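I opened this entry to keep a record of what I looked up in the structure and in which order. The sequence and the model come first, and my notes follow.

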Amino acid sequence: MEAWLGTINGYLWGSILIYLLTACGLWFTWRLKGIQFRHFFHMFSLLGSSRKANSGSGSEQGEAKVPSPQGISSFQALCTTLAARVGTGNLMGVAVAISLGGAGAVFWMWLIALLGMATAFAESSLGQLYKEKDGNNAFRGGPAYYMRKGLKSPALAVTFSLCLFFGYGFVFSSVQANSITSAFYGSFGVPPVTTGIIITICAALVILGGLRNIARFAELTVPFMGIAYLLVSIAIVLLNAEAIPGIITDIIASAFGLKEAGSGLVGAAIVQGVKRGLYSNEAGMGSSPNAAAAAIPYPPHPVSQGYIQMLAVFFDTLVICSCTAFVILLSPVQGDNIQGILLTQQAFASQVGAWGSDFITVAILLFGFTSIVANFAYADNNLKYLKLDHAAGHWFLRIGFLGMLVFGSVASLPQVIAMADLATGLMTVVNVVALFLLSKVVLVISQDYHRQLQQKKVPCYRASQEQQQGFNLTAKIWSD
């Protein structure tokens, strides 16, 4: 199976996705006039109000605008998407990229993240714009919704839902489980199957509570684990500050084949950097719009959630992944045929002592477990499009999802990585095509948001009748 998956992934990543993702990031960076650079500090300013909830809906003729009791705040949506983004890709994925693509892979991870910030802005803004309320008065949305409502293409919506259901319902969490069990086996000698069963039981307790339970869990754990990991990583970097300029030079030189020994690794650096970068930050995959759409944003405008999710890409790759990369490149253990999470563990241990390996084990547990429960939320959100949004469908997902956690715990790393690359690629192709087709909509709502900012107003989106018709809106979420 690995050979078969490798052939497909070779065509998908070597001939399609690198160009498609780069083109998408460049397109939205150009159309939005470098929004990720021009309004960089505006992303941070929105964090202060991200815990507020304002649905922006309801009648203006005296009807109170009461947020849905099932809604989540923008901050919870940010933490939920960070829980999925900030996972094993930040610890294991970076190590895999450096092992297979050399130091130059880090540069291409940075580049795909910078361009991906504009892509993330676009897809999350669209997720908010085309969201709708379900039978429980909770918001749902995502690529399947803007494909059906914005492009009027139910077939494309179902295709994407199948890809997302395959990836987040079964594949991606097996990668997280594999990394957690490998870390515990490497540090404490715990058999992978034992750790896998414990993870599966804990995941079951969380996911049975639904999206709001997952959001609350992520809101508590993501800031804690992120800050702890950053503090240790930054301390290591500062203690080796004199070596950092040389490492940055090495990263850039290796990325373009300027080093004699690494001239043949340019292709591998690009492929591995883009692969692992996308898997880590998820920009363009179409995953984050699912959580973004569930938020009740403040300011009450779909673009505000686009900014929040753009910030998530920045934190994930340009901050956390960079910390991991620097620690690994500072380590003398690289190049010893050590891959995956074991490389990250030994890199930290070489800098701070034996406790560094145990610290990474705890970190990978928190990073990986929050990703696992966030992955379930994404898969559950897409059951509707597969006509599985009933009791039997929910239980099918739960059982399959939990079963794949056990499988991932005992499977080989190359096997689960190959499956994840396939699922990531399929989702991204479908979603990026839709983003290109809806780019005019992104531009219009972005201009509306910034026009209100220039007028010193709190941006509040009200779709005009012309916009409703032009955007093919079928649910009056943003207009009376």
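**Fold and burial**

I counted 20 helices and 2 strands in the chain, taking helices (H or I, at least four residues) and strands (E, at least two) as DSSP runs numbered from the N terminus. I am working with a predicted model, in which local features need pLDDT of at least 70 and side-chain atom pairs count only at pLDDT 80 or more, while totals for chains, interfaces and linings use all residues. Residues are numbered from 1 along each chain as its sequence is written, and side-chain values use heavy atoms, with hydrogens and water left out.

I then looked up burial, where buried means under 20% relative accessible area, exposed over 50% and partly exposed in between, with a 1.4 Å probe and protein chains only. Of the 480 residues of the chain, 61% count as buried. For contacts, meaning heavy atoms within 4.5 Å, I noted that among those between residues at least 6 apart in sequence, 83% join residues at least 24 apart.

**Helix packing**

I next examined helix α11 (residues 244-255) against helix α14 (residues 302-330), and found that they pack at an angle of about 100° with their axes 11 Å apart. The axes are lines fitted to C-alpha atoms, for helices over the stretch in contact, and angles run from 0 to 180 degrees between N-to-C directions. The angle makes α11 roughly perpendicular to α14, a label that covers 65 to 115 degrees, whereas under 35 counts as roughly parallel, over 145 as roughly antiparallel and the rest as oblique. I listed I244, I247, I248 and I251 from α11, and F326, L329 and L330 from α14, as the residues that make the contact. By class, this contact of α11 with α14 has 7 nonpolar, no polar and no charged residues, where Ala, Val, Leu, Ile, Met, Phe, Trp, Tyr, Cys and Pro count as nonpolar, Asp, Glu, Lys and Arg as charged, and the others, Gly among them, as polar.

**Aromatic pairs**

How many aromatic pairs does a search of the whole structure find? The search returns 24, with rings of Phe, Tyr and Trp (its six-membered ring) paired if their centres lie within 6.5 Å, and with planes under 30 degrees apart counted as stacked, over 60 as edge-to-face and the rest as tilted. One of the pairs is F107 with W108, which is edge-to-face at 5.1 Å centre to centre and 90° between the planes; both F107 and W108 are buried. I also noted F184 and F188, a tilted pair at 5.7 Å centre to centre with 55° between the planes. Both of these residues lie in helix α8 (residues 154-188), 4 residues apart, or about one turn of the helix. F184 is buried at 17% relative accessible area, whereas F188, at 46%, counts as partly exposed. F40, F41, F44, F314 and F315 form one aromatic cluster.

**Positive phi**

Most residues other than glycine have a negative phi, and I therefore recorded the exceptions I looked up. K33 has a phi near 55° and sits in the loop between α1 (2-31) and α2 (35-38), where, at 62% relative accessibility, K33 counts as exposed. K152 has a positive phi of about 55° although it is not a glycine; K152 is found in the loop between α7 (143-149) and α8, and counts as exposed at 60%.
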